[in-house]
Amino acid sequence: MSRKKIVVLTGAGVSAESGLRTFRDSDGLWEEHRIEDVASPEGWKRNPELVLDFYNQRRRDVLNAKPNKGHKAIALLEEKFDVVVVTQNIDNLHERAGSTNVIHLHGEILKSQSTVDAKLIYECEGDILIGDKCEKNSQLRPFIVWFNEAVPMIEIAAKEVSLADIFIIVGTSLQVYPAAGLINYIHPTVPKFLVDPNVPDVSHVRNITCIAKKGSEGLPQIVEVLLKQV
Ligand code: OAD
């Protein structure tokens, strides 16, 4: 018999206990930085150095962080399920916890990208500085999907979501589209679980069980139950 498919949609909250700040919590990144300054094409045009500084710090934080129990619980699901992680996060903590099929909707901080040819993407563990160029001699930028930019991976993610037998949402305020709209691609009868200490409004979603706990606590509980069912 073929394995059931679990799709897990994650946001910044799954990495909060690894020490990476979320965006919209009271101590979140958007309290200190303006989205339009550091996470938009207009901000990049106005002040690329500020944008590079912001993401250079994010990259250092990710390199110093370790996966937590939540990431590890998600990776364990692969023992018995076909698992796809659709993440809004730019860190690589799902991969480092052992997840093998991760779709990054908003890019990856450990990569850089050409500003003249979006297909030119490079591994990047150090800072990106003004003057760092791609092979076509244009300035490198972080490989991040900014506000007002298209989300190239959304169609692939939507297809995966539409095929899910079980859907898990963790650590996202569900405020950013198109990522938040992925919920609309799940079949209404599919069982859904949501883990977040501050449960967002999902009153329009059928068959959803909300667990008002942190990822490190709520995810191992769900995963244990799911693994026992198979
Ligand atoms: P948000 O900061 O909007 O939401 C974080 C969610 O995580 C909230 O619902 C918190 O309650 C929850 N949370 C906090 N601690 C948690 C924990 N220990 N365990 C589980 N959940 C916890 O982050 P996202 O929804 O990921 O995009 O934000 C979406 C996008 O907005 C980001 O990818 C980023 C941002 O702007 C771009 O920069 C393009």
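Where does Asn148 lie? Let's start there, bearing in mind that this is a predicted model.

## Two asparagines with positive phi

Asn148 is found in the loop that runs between β6 (140–144) and α8 (154–162). Its phi is near 75 degrees, a positive value in a residue other than glycine. Most residues other than glycine have a negative phi. Because its relative accessible area is 66%, above the 50% cut-off, Asn148 counts as exposed.

A second case is Asn207, placed in the loop between β8 and β9 (208–211). Here phi is near 60 degrees, again a positive value in a residue other than glycine. Asn207 has 43% relative accessibility and so counts as partly exposed.

## A cis peptide bond

Most peptide bonds are trans. The one from Tyr177 to Pro178, however, is cis, with omega near 10 degrees. Pro178 belongs to the loop between β7 (166–170) and β8 (192–195).

## The ligand and its surroundings

If you are looking for the ligand, turn to the largest pocket, which is the space it takes. The ligand is surrounded by 23 residues, and the closest are Phe23, Arg24, Thr172, Ser173 and Asp196. Sorted by class, this shell holds eight nonpolar, 10 polar and five charged residues.

A backbone N or O atom of Arg24 is 2.7 Å from a ligand oxygen, and a polar side-chain atom of His106 is 2.8 Å from one. For Trp30, an N or O atom in the side chain lies 3.0 Å from an oxygen atom of the ligand. On its own the ligand has 800 Å² of accessible area, and the protein covers 94% of that.

Key:
Residues are numbered from 1 along each chain as its sequence is written. This is a predicted model: local features need pLDDT of at least 70, side-chain atom pairs count only at pLDDT 80 or more; totals for chains, interfaces and linings use all residues. Side-chain values use heavy atoms; hydrogens and water are left out. A residue is near a molecule or strand if one of its heavy atoms lies within 4 Å of it. A polar contact is a pair of N or O atoms within 3.5 Å; within protein, one must be able to donate a hydrogen and the other to accept it, and residues adjacent in sequence count only if both atoms are side-chain atoms. Accessible areas come from the Shrake-Rupley method with a 1.4 Å probe; for residues, only the protein chains shown count as cover. On a 1 Å grid over the protein atoms alone, a cavity is a set of points where a 1.4 Å probe fits but cannot get out, and a pocket is an open set with protein on both sides within 12 Å along at least five of seven lines; lining residues have an atom within 4 Å of a point. A molecule sits in a cavity or pocket if more than half of its atoms lie within 2 Å of its grid points. Ala, Val, Leu, Ile, Met, Phe, Trp, Tyr, Cys and Pro count as nonpolar, Asp, Glu, Lys and Arg as charged, and the others, Gly among them, as polar. Helices (H or I, at least four residues) and strands (E, at least two) are DSSP runs, numbered from the N terminus. Buried means under 20% relative accessible area, exposed over 50%, partly exposed in between (1.4 Å probe, protein chains only).
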